[in-house]
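Subject: Structure for you to look at

Dear colleague,

I am passing on the structure we talked about, and below it you will find some notes on what turned up. Please keep the structure open while you read, so that you can follow each point on the chain itself.

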Amino acid sequence: MWVLVLAMAGIIFGFSCQEAPQSGELSTELAESILEKIPVFAKQPVEVKEKITFVAQEVLRSLAHFGLFFLLGLLLFLLICSYRVTHPMLLAIGICLLYALSDELHQGLFTAGRAFQWIDLGKDGLGSLAGIGLAWGMTGPKARKKRETENRMI
């Protein structure tokens, strides 16, 4: 489990290290490759395509923030639960939020053309909370009780 958590942290760090042009180009290429598969998009004038691509790019970037931290939160919570920790949810939330903050600070201070963005920190935090919440729902007290009841019936 440690390997998965560290791999997610590394992937997030890797994206944070991308300078603005490289990051923007990746988002634009991904948005364009998705949009080109939609027949209606191909028939639009260039100006409309550019606007739609811009919106799609922003949506993809938001989903990336949310999704990567969702996975980090989920994996980290499961890792912490493998140890006898008193409040695994609080610990996972704290670590994820600190990592998200360090990620934004890293972008703002050390990555050319990038900036600290509170909105991105919020997306990261919400993704973490959603991942931790899902993991807790799968492993929390009610889930354990339900599994124990099902096992007794077998």
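Is the crossing of helix 4 and helix 6 left-handed or right-handed? Before you look for the answer, please bear in mind that this is a predicted model, and that the values below were computed from it.

Helix 4 and helix 6 cross in a right-handed sense. Their axes lie 6 Å apart, and the two helices pack at an angle of about 40°, which makes helix 4 oblique to helix 6. Where these two helices touch, the residues of the contact comprise 13 nonpolar, seven polar and three charged ones.

Helix 4 also packs with helix 1, with an angle of about 155° between them and with their axes 9 Å apart. Because angles over 145 degrees count as roughly antiparallel, helix 1 is described as roughly antiparallel to helix 4, and the crossing in which helix 1 passes helix 4 is left-handed.

Helix 6, for its part, has a further partner in helix 5: the axes of helix 5 and helix 6 come within 9 Å and cross at roughly 155°. Helix 5 and helix 6 are therefore roughly antiparallel to each other, although here the crossing is right-handed.

Next, the empty space. Rolling a probe the size of a water molecule over the atoms shows where such space is left. The largest pocket has a volume of about 560 Å³, and its lining is made up of 27 residues, with S23, R61, A64, H65 and R114 lying nearest the centre. If you sort the lining by residue type, you will find ten nonpolar, ten polar and seven charged residues. At least two lining residues come from each of helix 1 (2-17), helix 2 (20-35), helix 4 (46-81), helix 5 (88-110) and helix 6 (118-139), and it is helix 4 that gives the most, with eight residues.

Finally, a word on charges. Side chains of opposite charge can pair when their charged atoms come close. How many salt bridges does the structure hold? There is one salt bridge in the structure, and K123 forms it with D120, the closest N and O atoms being 3.5 Å apart. Both K123 and D120 belong to helix 6, where they sit three residues apart, which is about one turn of the helix.

With best wishes

Key: Residues numbered from 1 in each chain as written. Predicted model: local features only at pLDDT ≥ 70, side-chain atom pairs only at ≥ 80, totals over all residues. Heavy atoms only, no water. 1 Å grid on protein atoms, 1.4 Å probe; cavity = no way out; pocket = protein on both sides within 12 Å on 5 of 7 lines; lining within 4 Å. Points joined across faces, edges and corners; volume = space filled by probe spheres on them. Helix = DSSP H or I, 4+ residues; strand = E, 2+ residues; numbered from the N terminus. Nonpolar A, V, L, I, M, F, W, Y, C, P; charged D, E, K, R; others polar. Axes fitted to C-alpha atoms, helices over the stretch in contact; angles between N-to-C directions. Parallel < 35°, antiparallel > 145°, perpendicular 65-115°, else oblique. Left-handed = near helix turned anticlockwise from the far one by under 90°. Salt bridge = Lys/Arg side-chain N within 4 Å of Asp/Glu carboxyl O.
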